[in-house]
Amino acid sequence: MRSHFTSPNAWVRLLVAVSFCSPCLAQEAPFVRDVFNRINAERVKHGLNPCTYNGKLEKAAQFHAEWMARNEKMEHLEADQEPTSVEHHRTCTHHHVNRAIKAGYVGWDEVFGVERTQTGAVVHAKPGADDHVGEIVAAGWDAGHPMQQTETVVTGWMNSPGHKKEILTGHWREMGIGVACTPDGKDTFWCVVFGDPSK
């Protein structure tokens with residue numbers, strides 16, 4: 001079975017977290033499935049359609065969860081990946097839209113454009129760029145096994161106006177979930193990426 005994880009160390013961290021003995025997709029981990037179900041329950045409770053699970057969005061989410069665990073900080077922007085050129089912008093993982101592009105969920109040209117100026121090329125987001133994908137993150141500091149965190153994580157998101165708004169964005173149709181632990185297994189980082197394939 002194919003894994004979406006990006007590095008052997010990250011795979012070992014997930015193995016430690018879920019005690020699996022064979023490769024698996026993140027969506028098959030019980031705690032990932034539980035977060036997925038809890039988010040969809042909140043959407044349904046508020047009159048919205050549930051999201052389906054998407055492997056490309058999972059890949060984007062897992063990549064960022066691993067980045068947060070590796071750097072031991074909860075952030076949306078990967079500072080070490082800030083684009084330095086148009087070419088770099090096409091392949092970087094700085095922003096959640098960049099990560100969704102790298103995962104193959106949406107094309108770069110669908111979201112960004114390049115304007116040629118006297119001082120060089122400038123990348124700009126096209127109108128509606130933020131409608132393609134959205135992201136929420138969380139950290140469980142010394143919080144134990146990820147399965148023990150699922151209710152707390154989703155409740156925390158729903159009690160935060162910005163995260164709640166993202167979860168209850170009506171046009172999201174799909175989501176993918178990533179989770180990674182720090183090398184010592186003490187802290188856990190969560191990332192959910194939502195998407196709308198029609199945009």
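Student: What stands opposite Thr52 in strand 5?
Tutor: Glu174 does. Keep in mind that this is a predicted model.

Student: OK, and in which sense do strand 1 and strand 5 pair there?
Tutor: Parallel, over 2 bridges, with strand 5 covering residues 174-181.

Student: Which sheet do they sit in, and what's the strand order?
Tutor: An open sheet of 4 strands, in the order 1-5-6-4 and with mixed pairing. Strand 1 (52-53) and strand 4 (133-140) each have a single partner strand, so they stand at the edges and one side of each has no neighbour in the sheet.

Student: How do strand 5 and strand 6 pair, then?
Tutor: Antiparallel, over 8 bridges. One spot to look at is Ile177, which stands opposite Val192 in strand 6.

Student: What's in the turn between strand 5 and strand 6?
Tutor: The two strands form a hairpin with 6 residues between them. Gly185 is in that turn, and its phi is positive, about 75°.

Student: And on the other flank, how many bridges join strand 4 to strand 6?
Tutor: There are 8, and those two strands run antiparallel. Val137 has Cys191 of strand 6 as its bridge partner.

Student: How many residues of strand 6 are buried?
Tutor: 8 of its 8, so call it mostly covered, given that buried means under 20% relative accessible area.

Student: Which residues point which way from strand 6?
Tutor: Thr188, Trp190, Val192 and Phe194 point one way, while Phe189, Cys191, Val193 and Gly195 point the other way. All of them are buried. As a rule, side chains in a regular strand alternate between the two faces of the sheet.

Student: Which helix lies across strand 6?
Tutor: Helix 2 does, and it lies across strand 1 and strand 5 as well. Against strand 5 it runs at about 140°.

Student: Let's stay on helix 2. Is Asp34 buried or exposed?
Tutor: Asp34, which is in helix 2, counts as buried because its relative accessibility is 18%, and the cut-off for buried is under 20%.

Student: What is Asp34 in contact with, leaving aside neighbours within four places in sequence?
Tutor: Met147 and Thr150.

Student: Switching to rings. How many aromatic pairs does a search of the whole structure find?
Tutor: It finds 5. Take Phe31 and Trp190: the ring centres are 6.0 Å apart and the planes are at 85°, so that pair is edge-to-face.

Student: Where in the chain are Phe31 and Trp190?
Tutor: Phe31 is in helix 2 (residues 30-45) and Trp190 is in strand 6 (residues 188-195).

Student: What about Trp108 and Phe112, what kind of pair is that?
Tutor: Tilted, with 5.5 Å centre to centre and 40° between the planes. Trp108 is buried at 6% relative accessibility, and Phe112 is buried too, at 11%.

Student: What sits over the ring of Trp108?
Tutor: The charged end of Arg90, 4.0 Å from the ring centre.

Student: Phe112 is near another hairpin, I guess. How do strand 2 and strand 3 pair?
Tutor: Strand 2 (residues 112-117) and strand 3 (residues 120-125) pair in the antiparallel sense over 6 bridges. The hairpin joins them through 2 residues. Within the pairing, Glu115 has Val122 of strand 3 as its bridge partner.

Student: Cysteines next. What does the disulfide count come to?
Tutor: It comes to 0 disulfides. A disulfide is a covalent bond between the sulfur atoms of two cysteines. Cys92 counts as buried at 1% relative accessibility, and Cys191 is buried at 0%.

Student: Zooming out, how many helices and strands does the chain have?
Tutor: 8 helices and 6 strands. Along the sequence the pattern reads α-α-β-α-α-α-α-β-β-β-α-α-β-β.

Student: What share of the chain is buried?
Tutor: 47% of the 199 residues.

Student: And of contacts between residues at least 6 apart in sequence, what share join residues at least 24 apart?
Tutor: That share is 61%.

How values were computed: Residues numbered from 1 in each chain as written. Predicted model: local features only at pLDDT ≥ 70, side-chain atom pairs only at ≥ 80, totals over all residues. Heavy atoms only, no water. Phe/Tyr/Trp six-rings, centres within 6.5 Å; stacked < 30°, edge-to-face > 60°. Buried < 20%, exposed > 50% of the residue type's maximum accessible area, 1.4 Å probe, protein only. Lys NZ or Arg CZ within 6 Å of the ring centre and 35° of its normal. Disulfide = S-S within 2.5 Å. Contact = heavy atoms within 4.5 Å. Pairing = 2+ DSSP bridges. Axes fitted to C-alpha atoms, helices over the stretch in contact; angles between N-to-C directions.
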